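Please look at the structure first and then take the points in order.

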Amino acid sequence: MPRRFRFGVSLLAPAPVDEWHAKCRRAEDLGYDVITVADHLGLPAPFPALVAAAQVTERPRLGTFVLNAGFWNPALLAREVATTDALTGGRLELGLGTGYVQAEHETAGLPWGTPRERVDHLQHTIEELDRLLSSEDHQPRPVQSPRVPLLIGANGDRMLRLTAEHADIAAFTGARTLPGGRLEPVTAAELEQRVAVYREAAAGRKEPAELNLLIQIVTVAEDRSEAIRPWLPRIPHLTEQQVLELPIVLVGTLEEITERVRAQRERYGISYLTVLEPHMEAFAPVVEALRGE
C-alpha cells in the first residue's frame, strides 16, 4: 500500500507577530499537515518562528526545511532542537542540509569549504545530535522518543547515501546546485534516477523512510500553456513542454494536478509534498481533494 499523502508549506516572509500567527492559523485551516521554515539570511529565524507557530495551532507538525548545517555548532543545535521540541509539544521535525549559498556563509563570517567538507560537517552534525540527544544526561530533553524525526535534503550520491542511513524523511531537492548557488531543476527521468540511487542505498533499512519533494510552481488553470508562460524566462534552457513535465511544477486544472500528484507517488514513491508560501492558497484545493488518500 502506498504511504498516505502529507502536505507541507514553507513560510518565507518575515512578519510581525500578529501577521505570523495569522498565516500559521491559515495554513492549519487550509489543511496543511506541516508548517516549515527555511534557514536563509533575510528570512525568519527557524526555531523562534516555529515556537510562535505552535502557540496558535494544534494539529500541524512544525519543521525546519532545511537547516543549513554550516550555520550550526552541533552542541548548540542540540539545545535548540530539544528546547523547540518541548515548547511545541513534541511536534518538531528536524530538517538538515549542507546549504548551497556561499554568499550567506561569507556574510555570516563562516567558512564555506568544499562540497566534501560541507557533507562531512553535516554527517558530523547528525552523528553528534544522535549522541547528545539520546543521552539521558543531556539537558534540556526533547519530548519525542526515541528522537525528533530527521529529514535530510539531498540530491548528490553521497548525500543520498547519508540520507538512506540516517533520515526518517528523505527530501529530494528536485534541483542541482550550480556555481553561485543557483538551482537548476532536474527532469522527471533524472529524479527517477536519484530516487533509484537512494533506494539502493536504503535497501537494508528496517523501516522505509517517507519521501518528500519541494514543489516550486503551483498554478490551477484551464490553460496550462498560458499559466506557465511567465515562468519560462527563469528556465531558459528548457522548452515549455519540458518545464510542464518537471516534477517540481504542478500546473493545470485541479483534476489534472491531483492526478499528477497521484502519478508521481506511484512513479517515485513520493507522498509528502511541500509548497512555498506564495503557493499556499493555490495548492489548498489539492490538499483538500487528496485528504486521507
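1. Helices (H or I, at least four residues) and strands (E, at least two) are DSSP runs, numbered from the N terminus. This is a predicted model, in which local features need pLDDT of at least 70 and side-chain atom pairs count only at pLDDT 80 or more, while totals for chains, interfaces and linings use all residues. Residues are numbered from 1 along each chain as its sequence is written, and side-chain values use heavy atoms, with hydrogens and water left out.

2. Strand E5 gives the most to the lining of the largest cavity, with three residues. A cavity is a set of points on a 1 Å grid over the protein atoms alone where a 1.4 Å probe fits but cannot get out, and its lining residues have an atom within 4 Å of a point. The lining comprises Val34, Thr36, Gly63, Thr64, Phe65, Glu93, Leu94, Gly95, Leu151 and Tyr272. Two or more of these residues come from each of strand E2 (34-37), strand E3 (61-64) and E5.

3. Helix H3 (residues 74-87) has 14 residues and should span 20 Å at 1.5 Å a residue, which agrees with the 20 Å between its end C-alpha atoms; the expected span is 1.5 Å times one less than the number of residues.

4. Buried (under 20% relative accessible area, 1.4 Å probe, protein chains only) describes Pro74, Leu77, Ala78, Val81, Ala82, Thr84 and Asp85 in H3. The buried residues of H3 pack against helix H2 (46-56), strand E4 (67-68), strand E5 (92-97) and helix H5 (115-134), where contact means heavy atoms within 4.5 Å.

5. Just after H3, Gly89 takes a positive phi of about 70 degrees.

Technical notes:
Buried means under 20% relative accessible area, exposed over 50%, partly exposed in between (1.4 Å probe, protein chains only). On a 1 Å grid over the protein atoms alone, a cavity is a set of points where a 1.4 Å probe fits but cannot get out, and a pocket is an open set with protein on both sides within 12 Å along at least five of seven lines; lining residues have an atom within 4 Å of a point.
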